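Please look over the model below. My notes follow as numbered points for someone new to it.

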There are 2 protein chains.
Amino acid sequence: MDRLSVKDMAIRARSASKYLAGAGQEAKNRVLELMAESLLERANDVLEANGRDVEKATLAGLPSAMLKRLTVTQAKLESMANGIRKVAALPDPVGKVLESWERPNGLKIQKVSVPFGVIGIIYESRPDVTADATALCLKSGNAVILRGGTESIESNLAIVGALGAALAKAGAPVDCVQYLVDPDRSAVKEMLHLSGYIDLLIPRGGANLIKTVVQDSTVPVIETGTGNCHVYVHEKADLSMALDIAINAKCSNPAVCNAMETLLVDRAVARDFLPGLVSSLKERGVEVRGCSETRAIVPDVQPATEDDWATEYLDLTLAVKVVGGLDEALDHISKYGTMHSEAIVTTDEAAAARFRSSVDAACVYVNASTRFTDGFEFGFGAEIGISTQKLHARGPMGLRELNTYKYVVTGNGQIR
Amino acid sequence: MDRLSVKDMAIRARSASKYLAGAGQEAKNRVLELMAESLLERANDVLEANGRDVEKATLAGLPSAMLKRLTVTQAKLESMANGIRKVAALPDPVGKVLESWERPNGLKIQKVSVPFGVIGIIYESRPDVTADATALCLKSGNAVILRGGTESIESNLAIVGALGAALAKAGAPVDCVQYLVDPDRSAVKEMLHLSGYIDLLIPRGGANLIKTVVQDSTVPVIETGTGNCHVYVHEKADLSMALDIAINAKCSNPAVCNAMETLLVDRAVARDFLPGLVSSLKERGVEVRGCSETRAIVPDVQPATEDDWATEYLDLTLAVKVVGGLDEALDHISKYGTMHSEAIVTTDEAAAARFRSSVDAACVYVNASTRFTDGFEFGFGAEIGISTQKLHARGPMGLRELNTYKYVVTGNGQIR
């Protein structure tokens, strides 16, 4: 072994987390400020390391979208440093008295926000996540163990080196941030089984990564990100609003989890709505796949198969289905949705109310684009991910969601 | 196959959960009232079925503590029915607007409490849990799949039969409550892997049951119950208060998770405190195991080994350790505690403050017994379990903790 075991890393992280849990807002913000500085001071190291990663990945034939996410430029580095400073500027989520009450026996009970302790973040080859996730974990009082994609190893080590130097300069434990070097994926498997040592795992990335973590992990996991999102155009929709929302939900950033993947439209308005929609989408390079009714109205559309309803394209592709009304739309969403973000466009308050209460998703929209499911758009000032599970946090997760709570009970000798 | 697969049960539960999610307080309370009635009407069935279970378990040599928990008497049945009625009388946790705000672009965001959907409860051979867990799940808008210990199978089926009859009478889906018959434990294994079908699993019972569920499950789990709880008597403690708290924490119900298992006492007061404590404990039948310093002060005490510090006795046994002060006490609790309930007895506010902030446990007590970690004692009016993990809920879990939330976002055409 030429390096620490994951368990030993977790033990060091636990120890560092005690410093962070007790560190006030000022101490944590000073660390974050120094981290931003250190990243810029070491820009050359990081850019050179990233150059080596990119060169290797290019030779290995990594797809261009992934190469783009792997590449760190001076501008991206500055944006990473700014991101850290923005996190520093956010309010400290730790130590808030969430509730307090007194029992008839005189016991005073307070419910207080506290950090989880040690958080593991497993992500793809995106070096910007290294800085971003670190800032969010530290600000929320948690030590973090990072494990990024193998293609980004040199970049990540250079970034974590810069972040660690800032911790040392601030006199804080360097083990607040550790990076798991794991070329053969054996250590990450070990990480998934360190319950009692790691308090929370957050996988960020594609569906396969998340599935693997959820299936193998005995550490509590927050699932993030898979979004098979729908926009449903109700028969009483403002069709011009519906068009704007549909174009925005599909085209403004098709690669992200809150983009629309299937559009549902009521039969009553399909003939009025679909031709204009499909032509606008095609102008924007979107491939449309439709049900047979859609194709009867707009012949120039590929046929959709069962698979299309279940697919998160993350691309300029859209499935379109004509439905008989709200019930059929709700059934379709219930069957194929991933409980991420679902929208109805309607002027009918009764339909809106039923959609709101019946759709089981993290974010349910009436007359707005699904693209707003985002920590910044929600006003959280940050985002560690978008939870698609129901335990602890749902939807956009900011600093607050990186805290748990404890009960502090004060008495004067009460016994039971 | 002579019965439904667990997956098919979960699909039925999902469908029933939609009824429950939309059912108002009145409809749910009527179901609960009918359940209480039905349980009493079918008292003979339940008692006879339980008689068969108890007979079989007695022949099989089940330990007497377990036999006691398995046995249903007329009085216990009435207490189960009353328990259901008490749950009916609690406020409905569903549909509360937890927060709401408006974004600069006019989007209105509401965070609303909603049921999880389908909850699986895996528990030991305690038929009263069958009624209790059902009432809590239904009141919180969740369908439930129950799987109790094999010794209680006939009792549980009789109880679930009575509960199902009440659902039918109320015109509600009978699949709101289902019981998993699983003599060879293959179905429960399947249940642990039904992520996407079951939203939450709560294991209730012994450490082994919980460990198995946590290790095997891909469905989100809330760990409950293991409590290696400490009372720490600080050098500035009111020693008479400390004695009362220690006796209460150990003796009032040693078989439960919030009972004290190890007492820590500062060296400065050990000589004053321990002789009286040990003699009071011995009067109550408690076996005391002490560190060498404890035995130097009170010779008539068994030696404690390393194992004792880590053991949840759940019995009239107590480990006692003399410590050099707050730091050593905090280290001991950090090393051996299970993050359940930890208490300090002190008149020193600085020591209390440090204990409160440094101890990582669901419930941290100052000058009160650990035995208050309980949904009823906290004023929740109910308890499905005590969480010892950090995700979603910590400490006593009542109706509110059986809900998650969703964001409801209302716009007038906002796009991003």
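1. Strand β13 (residues 363–368) of chain A and β16(B) run parallel and are joined by 5 bridges. Strands are DSSP runs of E with at least two residues, helices are runs of H or I with at least four residues, and both are numbered from the N terminus. Two strands pair if DSSP finds at least two bridges between them. In β16(B), B:V409 stands opposite A:Y365.

2. This is a predicted model, in which local features need pLDDT of at least 70 and side-chain atom pairs count only at pLDDT 80 or more, while totals for chains, interfaces and linings use all residues. Residues are numbered from 1 along each chain as its sequence is written, with chains lettered from A and ligands numbered from 1 in the order in which they are written.

3. Chain A and chain B each give 55 residues to the contact (C-beta atoms, placed from the backbone, within 7 Å). On the side of chain B that touches chain A, β16(B) has the largest share, 11 residues.

4. An open sheet of 10 strands, with mixed pairing, has the order β1(A)-β2(A)-β16(A)-β13(B)-β12(B)-β7(B)-β8(B)-β11(B)-β9(B)-β10(B). Its edge strands, each pairing on one side only, are β1 (97–102) of chain A and β10 (302–303) of chain B.

5. Within chain B, β7 (residues 229–233) and β12 (residues 341–345) pair in the parallel sense over 4 bridges. B:Y232 has B:I344 in β12(B) as its bridge partner.

How values were computed
Two residues are in contact if their C-beta atoms, placed from the backbone, lie within 7 Å.
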